[in-house]
Amino acid sequence: MKKFIILSAVALGLSLSSCDDYLDINEDPNSPAESNLTPSMLMPSIEMQLAATYGGDLRSVAGYHVQHYAQQFGTSNYLDYSQFTMSSTRCDQFYQLLNQRCLANINTILAKSEASEDWGSYLAGATLRAFIYQTMVDCWGEVPYTEALNPANTAPKFDDGAVVYDGIIAELDAALAKASSTSTVCTNFLFPGAKADSWIKFANALKLRILMRESNVKDVKSQVAALISEGNFPVSDVEFAGCFTTENGSLNPYYDNDFYAGRQENIVANIAIIGTMLQKNEDGDILYEDGRLAAYFEVNGSGEYTGSISGTNFSTSNAYKSSYWCRPKTSATDPVKLISVAETEFLIAEYYARYGSASDAETHYKAAVESSFASAGVAGSEEFLIKFPYDNTNYKKSIGIAKWMDLAGYNSFESWCEVRRLGYPTFNTEIKGLDLYNLLKDDSYKPEKYVPGTLYTPILVFGQVGDNKVLARYPYAESASSRNSNTPEFPGYTAPVFWAK
């Protein structure tokens with residue numbers, strides 16, 4: 001994966017017409033003194049670091065965890081992810097980029113904007129800080145928080161994820177109380193030129209996500225009810241858009257990792273997502289074709305949609321080479337989405353399913369599906385709602401599978417979180433990877449055996465995860481475990497983070 005080095009002063013005197021300067025890892029400008037830094041200098045480079053990690057690396061990796069992706073035959077870069085493996089060394093890059101780069105500079109933004117009572121910029125910094133801490137908890141379960149980012153403390157304690165979640169909710173509330181809708185905001189890529197109103201809506205959507213994520217283990221009814229009653233959520237997807245270009249150094253990070261000319265091709269579509277979005281009978285007749293399929297995936301060399309199998313990277317025949325498998329559809333200029341309208345509507349639907357009326361839950365489920373198709377720019381939401389109707393008696397299944405399909409096109413990381421939390425799609429305990437592709441026996445590919453809307457055990461699966469289980473968390477990052485004496489003992493790859501217990 002290509003690494004993006006944060007630039008402490010890249011915003012100085014530069015235009016926001018593109019992200020080019022912020023993604024150019026070959027540039028090494030002279031940094032100004034810390035006392036001269038401003039939020040407008042720091043924010044754009046923090047945003048692009050976040051985009052590269054969350055919208056690039058974590059999206060790619062998590063796609064294997066939830067079987068949106070499989071490993072291309074003949075290559076092996078991400079094969080371990082396909083087998084539900086993660087090492088402390090592999091995930092260390094994500095930890096360092098989020099913790100030591102993004103969060104450290106956000107602290108400077110918060111201090112500077114608080115000192116000048118620049119509450120719009122303060123809210124923007126606090127919102128991204130909460131977003132990043134949530135992402136870190138969702139990866140590792142426990143992370144330094146109350147003692148973090150203090151240069152004098154080289155061994156900060158690791159806080160339980162519930163403590164971190166409570167802390168970032170309090171931080172968001174405090175920042176929201178200070179900012180008004182007309183407050184100005186420092187230079188940024190997420191809402192360029194906008195007042196704080198856009199950041200308020202984003203903060204509210206993020207609060208909703210955080211609260212509903214912990215709803216299995218904590219009573220959040222009143223807090224979520226207040227948010228929904230206010231109804232001040234984004235009306236369009238929150239994303240870094242219009243700032244990536246086709247030039248090397250300013251590409252969309254997901255595209256840059258695996259799709260730019262000359263990159264080794266690792267990511268192909270998985271039979272799980274293809275077999276759910278395109279369902280056929282035994283004779284090969286199409287029973288259902290999701291309208292988003294063409295927006296999310298390319299056809300293979302024969303003009304067909306085919307998905308590969310988790311847990312392997314080679315074939316013993318010439319039949320299943322690179323041109324046989326579908327690849328995700330992406331481009332250099334695609335946006336990086338942080339949270340979508342569809343996600344927010346799914347969360348509201350879940351709230352009503354838990355605490356309100358089934359009819360309200362169904363209304364917001366429908367709104368989520370319609371928003372997903374609209375965001376993809378395709379028709380087909382009505383057909384989807386017939387094939388996958390809302391069922392209030394098992395709302396977790398309805399919402400879980402629908403959200404897994406929605407997120408397959410733009411945010412597999414959030415899908416990994418929701419699969420762990422909602423428990424859907426579930427694993428098919430009868431059909432495993434070797435039943436779908438038996439490379440050990442006769443090299444036969446049998447997609448017709450896949451059961452739509454399910455996951456399956458990879459052909460080769462990491463022994464510490466085992467059959468019929470999803471990877472539940474990452475091991476503590478190597479840079480933390482090797483240097484911080486307060487790093488806790490790793491509880492294991494199947495130990496759920498706090499909100500999934």
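In this predicted model, ring pairs join Tyr54, Phe94, Tyr95, Phe131, Trp140, Phe191, Trp199, Phe202, Phe413, Trp416 and Tyr474 into a cluster.

A pair of aromatic rings is described by how far apart the centres are and by the angle of the planes. The structure holds 38 aromatic pairs. In one of them, Tyr78 and Tyr81 have ring centres 5.7 Å apart and planes at 35°, so the pair is tilted. Tyr78 counts as buried because its relative accessibility is 4%, and Tyr81, at 0%, counts as buried too. Phe384 and Phe388, by contrast, form a stacked pair, with 4.8 Å from centre to centre and 25° between the planes, and both of these residues are buried.

We can now turn to two helices. The axes of helix H7, residues 196–213, and helix H16, residues 412–422, come within 11 Å and cross at roughly 30°, which makes H7 roughly parallel to H16, as the angle is under 35 degrees. From H7 the contact is made by Arg209, Met212 and Arg213, and from H16 by Glu414, Cys417, Glu418 and Arg421; by class, this contact has two nonpolar, no polar and five charged residues. Arg213 also lies over the face of Trp499, at 5.6 Å from the ring centre.

Finally, Ser308 is found in the loop between helix H11 (293–296) and strand S8 (336–339). Ser308 is buried, with a relative accessible area of 0%, and, leaving aside residues up to four places away in sequence, Ser308 touches Ala70, Gln71, Phe73, Val268, Ala269, Asn270, Ile271, Trp325 and Tyr456.

Key
Residues numbered from 1 in each chain as written. Predicted model: local features only at pLDDT ≥ 70, side-chain atom pairs only at ≥ 80, totals over all residues. Heavy atoms only, no water. Axes fitted to C-alpha atoms, helices over the stretch in contact; angles between N-to-C directions. Helix = DSSP H or I, 4+ residues; strand = E, 2+ residues; numbered from the N terminus. Parallel < 35°, antiparallel > 145°, perpendicular 65-115°, else oblique. Contact = heavy atoms within 4.5 Å. Nonpolar A, V, L, I, M, F, W, Y, C, P; charged D, E, K, R; others polar. Buried < 20%, exposed > 50% of the residue type's maximum accessible area, 1.4 Å probe, protein only. Phe/Tyr/Trp six-rings, centres within 6.5 Å; stacked < 30°, edge-to-face > 60°. Lys NZ or Arg CZ within 6 Å of the ring centre and 35° of its normal.
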